[in-house]
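The structure comes first, and the notes follow.

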Amino acid sequence: MKIVLLSDQYFPQRTSCAVQMRDLANELFQLGHEPIVITTSQDLDRVFAMEKIDGVKVLRIAVNKINNTSYFKRGLNEIFLPFKFIKGIKKSNLSIHNINAIIWYSPTIFFGPVVHFLKWSSKCPSYLILRDIFPEWTLDLGILKKNLIYYFFKIVAQYQYSVANVIGVQTYSNLSYLSNWSKKSNRKLEVLNNWISHVDEKKTKISLINTNLHERKLFVYVGNMGVAQRLEIFIELAESLKNNKDIGFIFVGRGSEFNNLKNSSIKKKLNNILFFDEINSDEIQNLLKMCHVGLIALDPRHKSHNIPGKFLTYLQAGLPVLARINPRTDLQNLIEKEKVGTVYTGNKVDDFRILAKKLIDNEDNLKAMSDRCRALCYKMFSTNNAANKIISSLSNFR
């Protein structure tokens, strides 16, 4: 099958979206399909550029700045993103009349017009990989109110759903958000687990030998540091454990809250925390070998369910997790059922400290959890499983 994959992020970017879509494209290629990735570039000096990465065609289309800019500019640039994509596709002379399927990743929610254009040209089915229930979660966190902006985003999201034949959500609890959508004919709603592929490991540039954290038991957070994560409680946790000279914290990544968190730790004079800029995905596994527990954070005000990509990264590395998340979620149920970590859903740092210390101090339990982490990753979150499920579902609409 000739399959177009739409994504606003792709390798060499290091986000969960970029890594997952690269892994999916590579897996589809290995399965004998012809994947064509269409993605963004914020650095191109021309409308488009075509390249091949590991045998996969990648069409990069010039767009205005989306990352590391204000919310207003990002929103405005994302609104124009689909029209830049359609223009770039046309100018690239990409053959779009013999496409067999379209797969796209959300967020962003603005690919609806692009999918509509491609479906009109090729008469093929489409699969939406839905990882965010947006804009609903912005209401949960108080970022948006039910005003014109919210309803605009709601209309855009609904349009995106309308051009999908299949929607794959992260967890079973998310199925209820789209129950009305799935009642119409020629539509299928299913759970599509996140996925992770094995990568060839490279030595990480991060070294702890000459730092305060050398030979300590380490909590590590890898990934985006934004408002949706509400990571401040981990700074408070580190402060509550500052007198424990055998425990340390590492934060690696990027995001709107990165500098705020770093400055907060400096202001509190915490010598048990280190911050590092994001690293290449093939360095992460070697970094995690230095650590003992992976940190996961989702603001407890979230009502939707989420399985963060970093959770899979920790599982693959055999790293038990300490998760501070919204209560009664599928992620909480999974962690507790599979016994791969500890979950806290409250706001009291003293209670959180007790759980964290109990987890990291029990070395025998950590070892048993580590084995279960790897087994769970292989069982539930392989890229091969995800690719085959997507192809199987799309085949029903051809």
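Ring pairs join Phe110, Phe134, Phe152 and Phe153 into a cluster. The model described here is predicted. In total, the structure holds 12 aromatic pairs. A pair of aromatic rings is described by the distance of the centres and the angle of the planes. Two of the pairs are set out below.

| Pair | Distance of centres | Angle of planes | Type |
|---|---|---|---|
| Phe219 and Phe249 | 5.0 Å | 15 degrees | stacked |
| Phe311 and Phe381 | 6.4 Å | 80 degrees | edge-to-face |

Phe219 belongs to strand β9 (residues 217-224) and Phe249 to strand β10 (residues 247-254), so this pair ties together parts that are 30 residues apart in sequence. Both Phe219 and Phe249 are buried.

Phe311 is in helix α9 (residues 309-316), while Phe381 is in the loop between α12 and α13, so the pair ties together parts that are 70 residues apart in sequence. Phe311 and Phe381 are both buried.

A ring also meets a charge: the charged end of Lys123 sits over the ring of Trp120, 5.7 Å from the ring centre.

The remaining notes concern the second largest pocket, whose volume is about 380 Å³. Its lining has 20 residues, and Gln170, Tyr172, Val191, Asn193 and Met380 are the ones nearest the centre. By type, the lining divides into 8 nonpolar, 7 polar and 5 charged residues. Which helices each supply at least two residues of this lining? They are α10 (330-338), α12 (363-380) and α13 (383-395). The largest share, 5 residues, comes from α10.

Technical notes. Residues numbered from 1 in each chain as written. Predicted model: local features only at pLDDT ≥ 70, side-chain atom pairs only at ≥ 80, totals over all residues. Heavy atoms only, no water. 1 Å grid on protein atoms, 1.4 Å probe; cavity = no way out; pocket = protein on both sides within 12 Å on 5 of 7 lines; lining within 4 Å. Points joined across faces, edges and corners; volume = space filled by probe spheres on them. Helix = DSSP H or I, 4+ residues; strand = E, 2+ residues; numbered from the N terminus. Nonpolar A, V, L, I, M, F, W, Y, C, P; charged D, E, K, R; others polar. Phe/Tyr/Trp six-rings, centres within 6.5 Å; stacked < 30°, edge-to-face > 60°. Buried < 20%, exposed > 50% of the residue type's maximum accessible area, 1.4 Å probe, protein only. Lys NZ or Arg CZ within 6 Å of the ring centre and 35° of its normal.
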